Amino acid sequence: MSLDRKYLVFALSYAVAGMCLGIYMASTQNHGQLVSHAHILLVGFVTSFIYGIIHKLWLNNPGAIVAKAQFILHQLAAIILFIGLMLLYGGVYPPEALDPILGASSIGVLIAALLMLYMAIKSGTAKA
Ligand code: HEM
Ligand code: HEM
C-alpha cells in the first residue's frame, strides 16, 4: 500500500476512534477525556490526513527511508501520546508518572512534522 493511502487509512481510523470517544463523553455527560478526544482527532485524524494529502500532491519521489521513518514516527508517537493522555485524564496514573511518556511522544510528533517539512523542501517541483 502506498504511503498516502496508509496515511488515509490511519487518519480515518483515528476519526472513528475519536468520534466514539466524543459520543461516549456526550452520552455520559462526562467530558473528562476532552483533551484526549481533541488530540486523537487533531493529531491523529486531521494531521495524518494532511500528511496523506501532502504525499499525494507534493512529494515527488521522497527518499524512501525518510518517508517510511516519518510515517512510523508520526504514528508511533501519536498512539503513545493518545494512550498517555487517556491514562492521564482517566486518572489511572498521576502526571509525574506520565510526563516523561507524554513529553517524549510529543517530541516524536514534532520531529515527524520536521521530517515532513524537510521532505516538502527537498522534493522540489509539484506533480503535474
Ligand atoms: C461523533 C462526533 C463527535 C462528538 C460526539 C464529539 C463530542 C465532543 C464533546 C462532548 C466535547 C466536549 C465539549 C466540552 O466539554 O467543552 C468535544 C470537544 C472537542 N471536540 Fe468533539 N466530538 C465529535 C467530533 C469531533 C471532530 C470530528 C473533531 C475534530 C476534527 C472534534 C474536535 C473537538 C475539539 C477540538 C474539542 C475541544 C473543544 C474545546 O477545547 O472546548 N470533535 N467533542
Ligand atoms: C506535539 C503535539 C501536541 C501537544 C504536546 C499538544 C499539547 C496541548 C496541551 C498541553 C493543550 C492544553 C490542554 C488543556 O486544556 O489542559 C492543548 C490543547 C489543544 N490543542 Fe494541542 N498539542 C499538540 C498538537 C496539537 C495539534 C497538531 C493540534 C491541531 C491540529 C492541536 C490542537 C489543540 C486544541 C484545539 C486544543 C484545545 C482543546 C483542548 O483543550 O484539548 N494540538 N494541546
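**View 1. H2 and the shell around ligand 1.** H2 is the top contributor to the shell around ligand 1, giving seven residues. This is a predicted model, where local features need pLDDT of at least 70, side-chain atom pairs count only at pLDDT 80 or more, and totals for chains, interfaces and linings use all residues. Residues are numbered from 1 along each chain as its sequence is written, while chains are lettered from A and ligands numbered from 1 in the order in which they are written. In all, 13 residues surround ligand 1, and Met19, Gly22, His31, Ala38 and Leu41 are the closest; a residue counts here if its C-beta atom, placed from the backbone, lies within 6 Å of the ligand. At least two residues of the shell come from each of H1 and H2 (34-57). Helices are DSSP runs of H or I with at least four residues, strands are runs of E with at least two, and both are numbered from the N terminus. Sorted by class, the shell has ten nonpolar, three polar and no charged residues. For that sorting, Ala, Val, Leu, Ile, Met, Phe, Trp, Tyr, Cys and Pro are nonpolar, Asp, Glu, Lys and Arg are charged, and the others, Gly among them, are polar.

**View 2. The residues around ligand 2.** Among the residues around ligand 2 are Leu34, Val35, Ala38 and His39, along with Ser106, Val109 and Leu110. H2 and H4 are the elements that give two or more residues to this shell. H2 again has the largest share, eight residues. By class, the shell around ligand 2 splits into eight nonpolar, three polar and no charged residues.

**View 3. H2 against H3.** The axes of H2 and H3 come within 9 Å and cross at roughly 170°. That makes the pair roughly antiparallel. Axes are lines fitted to C-alpha atoms, for helices over the stretch in contact, with angles from 0 to 180 degrees between N-to-C directions; under 35 degrees is roughly parallel, over 145 roughly antiparallel, 65 to 115 roughly perpendicular, and the rest oblique. On the H2 side, look for residues including Val35, His39, Val43 and Tyr51; they meet a set in H3 that includes His74, Leu81, Phe82 and Tyr89. Two residues are in contact if their C-beta atoms, placed from the backbone, lie within 7 Å. This contact has ten nonpolar, four polar and no charged residues.

**View 4. H1 against H3.** Here the axes of H1 (residues 3-28) and H3 (residues 64-89) come within 11 Å and cross at roughly 5°. H1 and H3 are therefore roughly parallel. Leu3, Lys6, Tyr7 and Phe10 of H1 make the contact with Ala67, Phe71 and Gln75 of H3. By class, that is five nonpolar residues, one polar and one charged.

**View 5. The largest nonpolar core.** This core has 19 residues, with Tyr7, Ala11, Tyr14, Ala78, Leu81 and Phe82 making the most contacts inside it. A nonpolar core is a set of buried Ala, Val, Leu, Ile, Met, Phe, Trp, Tyr and Cys residues joined through C-beta atoms within 7 Å. Buried takes 20 or more other C-beta atoms within 10 Å of the residue's own, exposed 12 or fewer, and partly exposed is in between, with C-beta atoms placed from the backbone. H1, H2, H3 and H4 (95-122) each supply at least two core residues, and H3 gives the most, with seven. Zoom in on Ala11: leaving out residues up to four places away in sequence, Ala11 touches Phe45, Ser48, Phe49 and Gly52.
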